Amino acid sequence: MYTVGLQSAADAFLFSSLQTQVVLAFLILFCLLVFGIGTHKTDDIHDHSPVFLPGPHLCAIAPFFQRRFEFLNDGFRKTGQTLYQFNMLRDTVIVVSGESGRKAFFANKHFDLTEGFKVLSGAIPIVKGVTSNLQTRRIALIHKRLSGLQKNETLNRLVAPILQDCCRTMESWGVSGTFDPFEKIYELVFQTTVRCLSCEEIADDPALVARLKKLYDTLDSGTTPATVLLPWLPGPSMIKKLLATKKIYDIIVNAINARVKSGVQREDALQMLLDAQDDKLVIVGFIMGLLVAGARATGTTASWLITFLGSHEDWKDKAILEVEQLLASYPPPANSVSLSQHLSSIPLEAWEAETPVLDALIHETLRIAQPHTAMRRNLGPEVSIDSKTIPSGAYVVYPFSDVHLNPELYPDPWKFDPSREEVKVPFGYVGWGGGKTICLGQRLARLELKLITSMFLLGFRYTIVDSTGQRPDPAPQPNWNDILLCRPNKQSCCLQFEKSVLTL
């Protein structure tokens with residue numbers, strides 16, 4: 001069932017001693033290097049090929065996964081080119097930049113997202129036929145179901161449960177204290193994402209949600225150059241990823257089986273998938289894959305949005321005023337006694353059409369604090385970008401920093417400034433993707449971000465402090481080398497809060 005490693009070999013490896021594991025892993029890796037996997041491919045190099053990154057290319061493998069922002073930008077500086085290439089073992093990876101590179105990257109229908117992400121990312125649960133090796137029809141079906149989940153009726157129904165999750169989680173923080181926003185806010189977003197994309201059986205069980213998050217964290221921490229490039233190599237990290245994947249799979253399958261056995265109808269994503277009579281593998285793949293994708297992207301954005309507002313009181317005041325005006329425009333029901341109940345009475349249309357400040361905040365946060373590197377594989381014929389050939393089969397990557405941190409397009413690019421004017425160049429903003437690969441879950445993500453931010457801004461007074469309890473100077477800056485959360489140095493950024501309402 002699982003594609004990570006050979007199951008029998010993995011089982012034997014797991015129960016061997018640590019010394020045996022280490023020796024065997026290094027022995028296999030040494031053999032690979034001795035037999036030439038780490039050499040440059042020179043057969044097809046010609047005048048129109050992108051220049052190779054200088055130096056032994058094996059040295060590039062670890063930085064690509066561990067310090068990607070630094071590595072990719074160093075490559076442009078070292079080569080002095082808008083395109084360059086390096087080998088990832090026997091695969092060719094071509095890095096592109098600039099307006100022409102950006103346009104070609106996002107517009108080419110033969111640059112495949114699924115194939116690129118599968119090989120170059122490695123931080124998703126890999127289950128054959130569920131989250132990998134999917135047929136085009138099955139991928140299209142999952143996209144169709146995600147679209148169905150974001151219809152007006154469904155999103156309207158999700159507003160109250162999301163806010164109830166916010167209420168319960170925020171109440172657990174106490175009346176005052178200090179916490180790391182990249183832990184607590186991310187945990188809250190994981191909870192609301194589970195609520196939106198899975199089922200009540202899981203979302204209503206805080207202990208099970210916490211366990212699920214820990215398993216996904218294991219996938220993140222266990223993603224190393226070896227597990228991505230040599231997924232069949234039975235190293236300790238691969239074994240941990242294999243076991244975490246199986247446990248995630250079991251949690252979701254158990255929830256599906258419990259629902260079917262009970263015969264109870266519920267209003268959640270799982271019920272939508274069951275009512276559509278989708279194959280069980282489609283249902284499991286939908287939940288396993290979208291949970292991690294949604295929670296990571298939305299969790300990073302929410303954590304940074306609230307962090308930025310803690311250091312920019314002017315924008316915090318504007319956001320609070322906007323939400324207070326919404327509350328005034330939509331009086332609470334007669335029996336409403338809490339902030340979450342009052343916010344729940346605001347219709348979906350108002351959240352989407354009457355919150356320009358929140359929209360601007362989300363837009364700028366995505367620009368400055370989403371360290372994405374778009375990954376594709378050229379499945380079509382060879383193409384030319386800036387007079388350089390991209391051969392069929394090559395992997396192509398485009399770092400979002402090339403546009404989002406470009407001072408010519410965004411003056412003082414590291415400055416958090418939601419009042420920036422829209423950039424008038426092709427693909428001048430790719431916060432939600434570009435071309436044929438726009439984020440299909442962005443409507444749900446926007447709603448989650450607005451509800452969580454509104455609940456927190458009105459429910460608490462807070463500021464950002466460093467490890468000594470003082471306001472950090474300068475304010476925290478996103479670390480683009482952290483490809484998952486973009487978080488600053490640990491302990492350098494904490495959120496000091498005090499509850500401002502009696503009942504959340």
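How many residues apart are Trp304 and Phe308 in helix H15, and what does that spacing come to in helical turns?

Author: First, a caution: this is a predicted model. Now to the pair you name. Trp304 and Phe308 are four residues apart in helix H15, which spans residues 280-311. That spacing separates them by about one helical turn. Their ring centres lie 5.0 Å apart. The planes meet at 35 degrees, so the pair is tilted. A pair counts as stacked under 30 degrees and as edge-to-face over 60, so an angle between those limits makes it tilted. Trp304 is buried, at 0% relative accessible area. Phe308 is buried too, with a relative accessibility of 4%.

Next, the wider count. By the ring-centre rule, the model has 25 aromatic pairs. One of them joins Phe69 and Trp414. This pair is edge-to-face. The centres are 6.4 Å apart, and the planes stand at 85 degrees to each other. Phe69 belongs to helix H4, residues 68-79. Trp414 sits in the loop between helix H20 (401-404) and strand E10 (433-434). Phe69 is partly exposed, at 25% relative accessibility. Trp414 is partly exposed as well, at 29%.

There is also a cluster. Phe105, Phe106, Phe111, Tyr398, Phe400 and Phe427 form one aromatic cluster. Look at Phe427 in particular. Phe427 lies in the loop between H20 and E10. Its relative accessible area is 25%, so Phe427 is partly exposed. The backbone deserves a note here. Phi of Phe427 is near 55 degrees, a positive value, and the residue is not glycine. Most residues other than glycine have a negative phi.

Rings also meet charges. Lys318 lies over the face of Trp315, 4.0 Å from the ring centre. Arg367 does likewise with Tyr410: the charged end of Arg367 sits over the ring, 4.9 Å from its centre.

Helix H16 covers residues 313-329, and Leu326 lies within it. Leu326 has 2% relative accessibility, so it counts as buried. What does Leu326 touch beyond four places in sequence? The contacts are Ile346, Ala350, Trp351, Glu354 and Thr355. An aromatic residue, Trp351, is among them.

Last, the loop between strand E12 (460-465) and strand E13 (494-499). Pro474 is found there. A cis peptide bond joins Asp473 to Pro474, with omega at about 5 degrees. Most peptide bonds are trans. Cys486 has its place in the loop between E12 and E13 too. Cys486 is not a glycine, yet its phi is positive, at about 60 degrees. Cys486 is buried, because its relative accessibility is 0%.

Key:
Residues numbered from 1 in each chain as written. Predicted model: local features only at pLDDT ≥ 70, side-chain atom pairs only at ≥ 80, totals over all residues. Heavy atoms only, no water. Helix = DSSP H or I, 4+ residues; strand = E, 2+ residues; numbered from the N terminus. Buried < 20%, exposed > 50% of the residue type's maximum accessible area, 1.4 Å probe, protein only. Contact = heavy atoms within 4.5 Å. Phe/Tyr/Trp six-rings, centres within 6.5 Å; stacked < 30°, edge-to-face > 60°. Lys NZ or Arg CZ within 6 Å of the ring centre and 35° of its normal.
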